[in-house]
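The points are grouped by topic.

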Amino acid sequence: MTTFVCSCEDTMPLDGRAIARGCGGKEPRMAEQLCQAQLDRFQAALAEGRPLTVACTAQAPLFRQEAEEAGFGQALNFVNIREAAGWSEEAKAAGPKMAALLAAAAVEMPAVPLVPLASEGVTLVLGRDATALEAARKLTETLDITVLLTGAGAVEPLRAAEFPVARGRARAATGWLGNFEVTVDGYAMPRPSSRAAYEWGPRKDGAVSRCDVILDLTGGAPLFPTHELRQGYLRADPADEAAVERAVAAARELVGSFDKPRFVTFDASLCAHSRNRRTGCTRCLDLCPTGAITPGKDSVQISAEICAGCGACAAVCPTGAASYALPPAQALLKRLRTLLLTYREAGGETPLVLVHDETGEAMIEALARHGEGLPARVLPLRVNEISQLDLGFLLSAFAWGAAQLRLLMKAKRAHGTEGVFRNLDYAQHVLAGLGVPDHGAPRAAAIETDDPFTLGEALRAVPRRGLPFPPSTHLAMGAPREMLRQAARALADGAGRRGGEIAMPALAPFGEARVEVSGCTLCVACTSVCPTGALSANPEKPQLSFLEDACVQCGLCAATCPEKVITLVPRLNLAPEAAQPRVVKEEEPFCCERCAKPFGVKSQIERVTQKLQAQGHWMFADPARLRVLRLCEDCRVFEATERAMDPYAGPPRPITKTTEDYLREAERAKRAAEEG
């Protein structure tokens, strides 16, 4: 790959030797004004036909245009080292950071999967007054309009029926752009004779309206949670003329085919939500702000059409059933690893990783243009949403050598961020359990601000502390759950703590399902519902085993256990034994008294037969029937057949007499008396 690094008219110093570390040891091509006076250098590099990385994002459109005109077919990447590193009071020390940013930018991200949406423009306008009619009139040329008035006030009828107008209150709504369904109560059509105000005909509850777009001008409660994230649902206060005009303008654009990113990849087979009508994990259901996640029979269901991409479900999913796809966790971790290891290799020390989204990028640029810029040791990493970050990401950052980690978030917390704050707390517990000192300032925390200068002050206030052990170089591979375990073990190896246990808060994604052995009957009902195989039975003998590494603390085993002897203990077990199944309880099997084949649990068979015998149960009064319980499933059939046992036979039924029986007996007695 060819790399161009421009000093932007010498407004930032460049350390060529340090920057070369981010280019695979190959010296980058330096420039002072690559976008104008030295554009020929870029054009010559296009002709070489090798992948290109340009350390400039401000002039990216120009470079893309040149590449398109030249028919350039290789990868073309851009990275911002000016606002992120060069325009800073500490720019002379930012060489290692520039190297890290260049190396991280070269890590390819997979293509974004898309979800197709289609809208034919069928629009339902909800309103309370003439504002709804006026908005509908503006949209009739581009959309297929129907107006639904609440009937709360008098509304003058249209002079001509340009579009249908009805009365009703929208009770509930489901769906998304191109596929809405609205349930209406009090639905009624206007009387043709309506004069000064609409008069309505017979009313009907439970009417259903299907449409592509909803324009809500009622001024009442929204039809959807976090309605601003529901694509195709537009809402404005009818008293705010400017807001109504903006909503009308937005509605005009909602006709045609649209592609939205598939933010979350979901594997239902890994979901720990429910089994056999028992509810276990509800972490994603509790956090999803849009209602895109709903409970299903054995797993949750995620609507890609409704999902707004906050990633809260992926941040807290303990099994990895829900994983963020923009980009996938493994690709993002590869970029994070490259960023940190290259920074170290280029001579950087005590790195502070600053994770931000698009809004944060604008704040970083403002700080560089109008303030002191980012400190040289602050490594910015952009993600799609801060709320997508799972515990594996946070622990991996420290395993690869991050001294501190800060998440740049808006001053007003966005929807779905509860999960990432929970993960920050988990990360703090893990680091504290490994003996990593924080010196009064948390190693992992959030910076919540909308002010770039406040951001700069907060970053400079973070104490310069290094990790007390060397960084790992492990590769993050596999499913999110596996990458989380890899990061935790890498940290434990670095700290020399591979034998300890760290107590964790509730809902942590790992721990022990502790079984009270004395009360366990080895019914193994827990093994049939465990979604990860943490609890397993031995098909050869009565035995229950537990694999702690696989336990996600979903609680299905505890909810299913008939004896209620299972409790969840959230903890991080760093011992190698946690990766090996251990026997929780085992007993001697009972051997069939006919063929000697082992089956069942000896203590249970003995207890049941003794109890039935002591109670004198009518069904087992015959010793031969009682003996059947001491035979295996095959021999029971043979025994019942040979002895002609009727499984439905019961004790002799008592003789009952009807009125006719008594009458007949009386008649016989009378006859006998007469004959005598």
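Helix axes here are lines fitted to C-alpha atoms over the stretch in contact, and angles between N-to-C directions run from 0 to 180 degrees. The model is predicted. With that convention, the axes of helix α5 (residues 95-105) and helix α10 come within 8 Å and cross at roughly 150 degrees.

**Helix pair α5 and α10**
- Angles over 145 degrees count as roughly antiparallel, and α5 and α10 are therefore roughly antiparallel to each other.
- The crossing in which α5 passes α10 is right-handed.
- On the α5 side, the residues that meet α10 are Pro96, Lys97, Ala99, Ala100, Leu101, Ala103, Ala104 and Ala105.
- Their counterparts in α10 are Arg335, Thr338, Leu339, Thr342 and Tyr343.

**Open sheet of seven strands**
- Seven strands form an open sheet with mixed pairing, in the order β10-β9-β8-β7-β6-β11-β12.
- The edges are taken by β10 (207-211) and β12 (233-235); each has a single partner strand, so one side of each is left without a neighbour in the sheet.
- From one strand to the next, the twist averages 30 degrees.
- Helix α6 (residues 130-139) packs on this sheet and touches β6 (122-127), β7 (144-149), β8 (165-176) and β11 (213-217).
- The direction of α6 makes about 175 degrees with that of β7.
- Strand β9 (residues 179-188) and β10 run antiparallel and are joined by five bridges.
- Within this pairing, phenylalanine 180 has cysteine 211 of β10 as its bridge partner.

**β-α-β unit**
- A right-handed β-α-β unit is made by β20, helix α11 (residues 358-370) and β21.
- The strands β20 (residues 352-356) and β21 pair in the parallel sense over five bridges.
- Opposite histidine 356 stands arginine 382 in β21.
- Of the five residues of β21 (residues 378-382), four are buried, so this strand is largely enclosed by the rest of the structure.

**Backbone geometry**
- Most residues other than glycine have a negative phi, and most peptide bonds are trans.
- The peptide bond between leucine 326 and proline 327 is cis, with omega about -5 degrees.
- Proline 327 lies in the loop between β19 (322-324) and α10 (329-345).
- Leucine 507, although not a glycine, has a positive phi of about 75 degrees.
- The loop between β24 (501-503) and β25 (511-515) holds leucine 507, which is partly exposed with a relative accessible area of 45%.
- Leucine 522 also has a positive phi, of about 60 degrees, and is not a glycine.
- Leucine 522 sits in the loop between β25 and α16 (525-529) and is buried, with a relative accessible area of 8%.

**Surroundings of threonine 521**
- Threonine 521 is placed in the loop between β25 and α16.
- Leaving aside neighbours within four places in sequence, threonine 521 is in contact with Glu563, Val601, Gln604 and Arg607.
- Between threonine 521 and glutamate 199 there are 322 residues of sequence separation and 71 Å in space, C-alpha to C-alpha.

Definitions and conventions
Residues are numbered from 1 along each chain as its sequence is written. This is a predicted model: local features need pLDDT of at least 70, side-chain atom pairs count only at pLDDT 80 or more; totals for chains, interfaces and linings use all residues. Side-chain values use heavy atoms; hydrogens and water are left out. Buried means under 20% relative accessible area, exposed over 50%, partly exposed in between (1.4 Å probe, protein chains only). Helices (H or I, at least four residues) and strands (E, at least two) are DSSP runs, numbered from the N terminus. Two strands pair if DSSP finds at least two bridges between them. A crossover is right-handed if, with the strands pointing away from the viewer, the path from the first strand over the helix to the second runs clockwise. Contact means heavy atoms within 4.5 Å. Angles under 35 degrees count as roughly parallel, over 145 as roughly antiparallel, 65 to 115 as roughly perpendicular and the rest as oblique. A crossing is left-handed if the near helix is turned anticlockwise from the far one by less than a right angle, and right-handed if clockwise.
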